[in-house]
Amino acid sequence: IWANTYNKFDPTSPFGGYKESGFGREGGMHGLEAYENLIKMARLEVLKTYKIYIGGAFPRTESGRYYTPTNANGEPLGNVCLSSRKDVRNAVVAARKAFGGWSERAAFNRGQILYRIGEMLEGRKAQFVEELKLQGATKAQAEKEVEVAIDRLVYYAGWCDKISQVSGGVNPVASSHFNFSVNEPMGVVGVLANQSTSLIGLVSQIASVIASGNTCVCIASENLPLCAITFAEVLNSSDVPGGVVNILTGKPEEMLKPMATHMDVNGMVYAGDDTALLKEIHEYAVDNLKRVRQYPQDWMDASAQELHYITDLMEVKTTWHPIENIG
């Protein structure tokens, strides 16, 4: 009965009857009692909701949208956020805010943190193996990919406090000056991660970007997104300051333009081999002369870890200092 109102419903309030409202009951304990003896349902699997990672937190996408990737058998893998251009802007703001503190940290401390990421990934190895298997990998392939990802983090952790000595140096100029060059982090780097791998491509790009003091905004694989957000959970428990790494899921074609045209993004990395897409990125990057790097690598290969992946995203600072000629 509605008194002085009409068509009001609430899930906690029973509704139904034997007249014009129909047969049966819905809502509240009365609705539960009416059905609990009639049907016995099999247990429904609770699909994980994979949120995006911005500024050290796990918000839902600003648009409220999501998508459900499936495996080869058409089975749903989870509920994954479908990021928008506003999420890209929020991630860039977070990355820029974190850049000062991260780039000013001692290089040895950055190495410790990257090593800690590897430790935490090792501790959750079984979970990553299962997620890779859900996305189509065999057990052997999954175990190999996780092991290579861990080793790659350790590799870049070792480079953190050696970059300056190896890549910098004194220049033998002809004038009476002491002249030397060192590499410095460029700032915020946008990364379009490899779309054919779930973990190793993402880890390889993130590790090489942040090892030198850069911060990054990474677009994960659209069809293989599970490991990306689980890796964000590893980052969140590995002493990585909020905003140093930001990971977005969804459609790359929707996020790429707002990222590549953003005036506060200093460089772009594309880990793919689509020449048309690479041309688009170059065109978007013209406005503030972003440096664009393309790495169409097989990320499982040993050659996919080198010093140049770090120095490609650094700027060279040269200092001139006058000296006295003696003799």
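This is a predicted model: local features need pLDDT of at least 70, side-chain atom pairs count only at pLDDT 80 or more; totals for chains, interfaces and linings use all residues.
Salt bridges come up first. The structure holds 11 of them. One pairs Glu 254 with Arg 65, with the closest N and O atoms sitting 2.7 Å apart. This pair links distant parts of the chain, the two residues being 189 residues apart. Glu 254 belongs to helix H9 (residues 252-260), while Arg 65 is in the loop between strand E1 (49-50) and strand E2 (66-67).

Another salt bridge joins the side chains of Asp 264 and Arg 96, at 3.1 Å from N to O. Here too distant parts of the chain are linked, with 168 residues separating the partners. Asp 264 sits in the loop between H9 and strand E9 (267-270), and Arg 96 is in helix H2 (residues 85-104). The relative accessible area of Asp 264 is 28%, so this residue is partly exposed. Arg 96, at 26% relative accessibility, counts as partly exposed as well.

Lys 251 and Glu 222 make a further salt bridge through their side chains, at 3.3 Å from N to O. Lys 251 is in the loop between strand E8 (245-248) and H9, and Glu 222 is in the loop between strand E7 (215-219) and helix H8 (226-236), so the pair ties together parts 29 residues apart in sequence. Glu 222 has a relative accessible area of 17% and is buried, because the cut-off for buried is under 20%. Lys 251, with 33%, is partly exposed. Beyond such pairs there is also a network of salt bridges, which links Lys 48, Arg 124 and Glu 233.

Glu 233 turns up again in the packing of helices, as one of the H8 residues that meet H4. The axes of helix H4 (residues 125-134) and H8 come within 9 Å and cross at roughly 165°. That angle makes H4 roughly antiparallel to H8, because it is over 145 degrees. The crossing itself is right-handed. On the H4 side, the contact is made by Gln 127, Phe 128, Glu 131 and Leu 132. These meet Leu 226, Cys 227, Thr 230, Phe 231, Glu 233 and Val 234 in H8. Sorted by class, the residues of the contact of H4 with H8 come out as 6 nonpolar, 2 polar and 2 charged.

H8 is mostly covered, with 9 of its 11 residues buried. Leu 226, Cys 227, Thr 230, Phe 231 and Val 234, which meet H4, are among the buried residues of H8. Others in the buried set include Ala 228, Ile 229, Ala 232 and Leu 235.

H4 also packs against helix H5 (residues 139-159), at an angle of about 130° and with the axes 9 Å apart. H4 and H5 are therefore oblique to each other. Their crossing is right-handed. Lys 125, Phe 128, Val 129, Leu 132 and Lys 133 are the H4 residues involved. In H5, their partners are Lys 139, Ala 142, Glu 143, Glu 145, Val 146 and Glu 147. By class, this contact of H4 with H5 has 5 nonpolar and 6 charged residues, with no polar ones.

Most residues other than glycine have a negative phi. Asp 239, although not a glycine, has a positive phi of about 70°. Asp 239 lies in the loop between H8 and E8 and counts as exposed, at 55% relative accessibility. Leu 289 is not a glycine either, yet has a positive phi of about 55°. Its place is the loop between helix H10 (275-284) and E10. With a relative accessible area of 73%, Leu 289 is exposed.

Finally, Ser 303 lies in the loop between strand E10 (291-294) and helix H11 (308-311). Ser 303 counts as partly exposed, at 41% relative accessibility. From Ser 303 to Ile 281 the separation is 22 residues in sequence and 25 Å in space, C-alpha to C-alpha.

Conventions: Residues are numbered from 1 along each chain as its sequence is written. Side-chain values use heavy atoms; hydrogens and water are left out. A salt bridge is a side-chain nitrogen of Lys or Arg within 4 Å of a carboxyl oxygen of Asp or Glu. Helices (H or I, at least four residues) and strands (E, at least two) are DSSP runs, numbered from the N terminus. Buried means under 20% relative accessible area, exposed over 50%, partly exposed in between (1.4 Å probe, protein chains only). Axes are lines fitted to C-alpha atoms, for helices over the stretch in contact, and angles run from 0 to 180 degrees between N-to-C directions. Angles under 35 degrees count as roughly parallel, over 145 as roughly antiparallel, 65 to 115 as roughly perpendicular and the rest as oblique. A crossing is left-handed if the near helix is turned anticlockwise from the far one by less than a right angle, and right-handed if clockwise. Contact means heavy atoms within 4.5 Å. Ala, Val, Leu, Ile, Met, Phe, Trp, Tyr, Cys and Pro count as nonpolar, Asp, Glu, Lys and Arg as charged, and the others, Gly among them, as polar.
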